[in-house]
Amino acid sequence: MHIDWAALGQVFGVTLVVTVGIVGLFTVGIVGTSRKPAADGATTTAPGTGARAGALAAFALCAVAVTYGIYLIVAT
């Protein structure tokens, strides 16, 4: 049995980068939809339109990446 260590290292590297990227995008989406404390500290404010749009784009990119990964696994 022969193991191609170079190919295994490439797969590990790409997997690590893509995983960190997707988790980072998801984190950006969560932060974009979270409420922020107001200046007086008593109430919270809803995220602005730009933050919501950025969060939506981040979640959409996550969905595209996961869908593409599933496609790569299922495609024959």
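The radius of gyration is taken over C-alpha atoms, and the rule for a globule is 2.2 Å times the number of residues to the power 0.38. The views below show a predicted model, in which local features need pLDDT of at least 70, side-chain atom pairs count only at pLDDT 80 or more, and totals for chains, interfaces and linings use all residues. Residues are numbered from 1 along each chain as its sequence is written, and side-chain values use heavy atoms, with hydrogens and water left out.

**View 1. The whole chain.** The radius of gyration of the chain is 19 Å, whereas a compact globule of 76 residues would have one near 11 Å. Along the principal axes, the C-alpha atoms fill a box of roughly 65 × 25 × 15 Å. The chain has two helices and two strands, in the order α-β-β-α from the N terminus on. Helices (H or I, at least four residues) and strands (E, at least two) are DSSP runs, numbered from the N terminus. Of the 76 residues, 9% are buried; buried means under 20% relative accessible area, exposed means over 50%, and partly exposed lies in between (1.4 Å probe, protein chains only). The accessible surface comes to about 6000 Å², and carbon and sulfur atoms hold 75% of that surface. Such areas come from the Shrake-Rupley method with a 1.4 Å probe; for residues, only the protein chains shown count as cover. Among contacts (heavy atoms within 4.5 Å) with a separation of 6 or more, 42% are between residues 24 or more positions apart.

View 2. Helix H2 covers residues 49–74, and its end C-alpha atoms are 37 Å apart. This agrees with the 38 Å that its 26 residues should span at 1.5 Å a residue; the expected span is 1.5 Å times one less than the number of residues. Ala55, Ala58 and Cys62 are the buried residues of H2, and they pack against helix H1 (5–33). An α-helix has 3.6 residues a turn, so residues three or four places apart point the same way.

**View 3. Phe59 and its contacts.** Phe59 belongs to helix H2 and counts as partly exposed because its relative accessibility is 29%. Apart from neighbours within four places in sequence, Phe59 touches Phe26, Gly29, Ile30 and Thr33. From Phe59 to Thr19, 40 residues away in sequence, the C-alpha distance is 14 Å.

**View 4. A nonpolar surface patch.** Met1, Ile3, Trp5 and Leu8 form this patch, with about 560 Å² of accessible area together. Patches consist of residues with over 30% relative accessible area and no salt bridge, where like charges are joined within 9 Å and nonpolar side chains (Val, Leu, Ile, Met, Phe, Trp, Tyr) within 5 Å. A salt bridge is a side-chain nitrogen of Lys or Arg within 4 Å of a carboxyl oxygen of Asp or Glu. Ile3 sits in the segment before H1 and is partly exposed, at 36% relative accessibility.

View 5. Val11 lies in helix H1 and is exposed, at 51% relative accessibility. Val11 and Ala53, 42 residues apart in sequence, have C-alpha atoms 33 Å apart. Leu16 is also part of helix H1, and its relative accessible area of 46% makes it partly exposed. Between Leu16 and Pro37, 21 residues apart along the chain, the C-alpha separation is 34 Å.

**View 6. Thr49 in helix H2.** Thr49 is located in helix H2 and is exposed, with a relative accessible area of 69%. Its C-alpha atom is 18 Å from that of Thr27, 22 residues away along the chain.
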